[in-house]
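This report walks through one protein chain for a reader who is meeting it for the first time. Please keep the sequence and the structure in view while reading.

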Amino acid sequence: MAENAENQLPPCPQCAGAYTYEMGALLVCPECGHEWAQTAGDAAADATGDKVVKDSVGNVLADGDTVTVVKSLKVKGSPSGIKAGTKVRNIKLVDGVDGHDIDCRIEGFGNMQLKSSVVKKV
């Protein structure tokens, strides 16, 4: 793990293993055997140290973007929940709990945190 921290290589996208290493133009995970090409987004995140947040289809998200919820979500204390297709304006990217990396305000629900895997950039 110390070697990965020095090289700033991203974790494996399949198993989230931290022991990735470079083999030519590819990155390799010794834990699950997955091989992938390092993308420009990974390289930019490694160079700047910033986390790149992508939506459910791979678009890079930024503060102030407008997104659409792609699947219905259950909300504690609400009988209806958030329906697929709900627009969320002016998002803010955060390091949240349990993978919730978007802070936003949804009409009828108030302030919430969402996972980037359940939204799509508009």
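## A pair of residues to begin with

In this predicted model, His100 stands opposite Lys115 in β8. The two strands concerned, β7 and β8, pair in the antiparallel sense over six bridges, where pairing requires that DSSP finds at least two bridges between the strands. A hairpin is formed by β7 and β8 with three residues between them, and Gly108 in the turn has a positive phi of about 90 degrees.

## How to read the model

Residues are numbered from 1 along each chain as its sequence is written, and side-chain values use heavy atoms, with hydrogens and water left out. Because this is a predicted model, local features need pLDDT of at least 70 and side-chain atom pairs count only at pLDDT 80 or more, whereas totals for chains, interfaces and linings use all residues.

The predictor's confidence in each residue is given by pLDDT, on a scale from 0 to 100. For the protein chain the mean pLDDT is 82, and 84% of the residues reach 70 or more. Confidence is lowest in helix α1 (residues 2-7), at a mean of 47, and highest in β4, at 95. Over residues 1-6 the pLDDT stays under 50, and for this stretch the model has five contacts beyond four places in sequence, a contact being heavy atoms within 4.5 Å.

## The chain as a whole

The protein chain holds two helices and nine strands, which follow the pattern α-β-β-β-α-β-β-β-β-β-β along the sequence. These elements are DSSP runs numbered from the N terminus, with helices being H or I over at least four residues and strands being E over at least two.

Of the 122 residues in the protein chain, 28% count as buried; buried means under 20% relative accessible area, exposed means over 50%, and partly exposed lies in between (1.4 Å probe, protein chains only). The accessible surface of the protein chain comes to about 7800 Å², and 50% of it belongs to carbon and sulfur atoms; such areas come from the Shrake-Rupley method with a 1.4 Å probe, and for residues only the protein chains shown count as cover. Among contacts with a separation of 6 or more in the protein chain, 36% join residues 24 or more positions apart.

Strands of a sheet pair through backbone hydrogen bonds, either parallel or antiparallel. Here an open sheet of three strands has the order β6-β7-β8, with antiparallel pairing. β6 (92-93) and β8 (110-115) stand at the edges, each with a single partner strand, so one side of each is left without a neighbour in the sheet.

β6 pairs with strand β7 (residues 100-106) in the antiparallel sense over two bridges. Across this pairing, Lys92 stands opposite Asp103 in β7, while Leu93 stands opposite Ile102 in β7. β6 and β7 form a hairpin with six residues between them, and Asp98 in the turn has a positive phi of about 55 degrees.

## Asp101 in the sheet

Which strand holds Asp101? Asp101 is found in strand β7, and with 7% relative accessibility it counts as buried. Leaving out residues up to four places away in sequence, Asp101 touches Lys51, Val53, Lys92, Leu93, Val94, Leu114, Lys115 and Ser116. The side chain of Asp101 also reaches the backbone nitrogen of Ser116 at 2.9 Å. This is a polar contact, that is, a pair of N or O atoms within 3.5 Å; within protein, one must be able to donate a hydrogen and the other to accept it, and residues adjacent in sequence count only if both atoms are side-chain atoms.

## Ser72 in a loop

Ser72 lies in the loop between β4 (67-69) and β5 (87-88) and is exposed, with a relative accessible area of 53%. Beyond its neighbours within four places in sequence, Ser72 is in contact with Ile82, Lys83 and Ala84, and its side chain reaches the backbone nitrogen of Ala84 at 3.4 Å. Ser72 and Gly85 are 13 residues apart in sequence, and their C-alpha atoms are 8.3 Å apart in space.

## Cysteines without disulfides

A search of the whole structure finds zero disulfides, a disulfide being a pair of cysteine sulfur atoms within 2.5 Å. Cys29 is in no disulfide, and the nearest cysteine sulfur, that of Cys15, is 3.6 Å away; Cys29 counts as buried, at 1% relative accessibility. The sulfur of Cys32 is 3.7 Å from the closest cysteine sulfur, in Cys12, which is too far for a bond, and Cys32 is partly exposed, with a relative accessible area of 38%.
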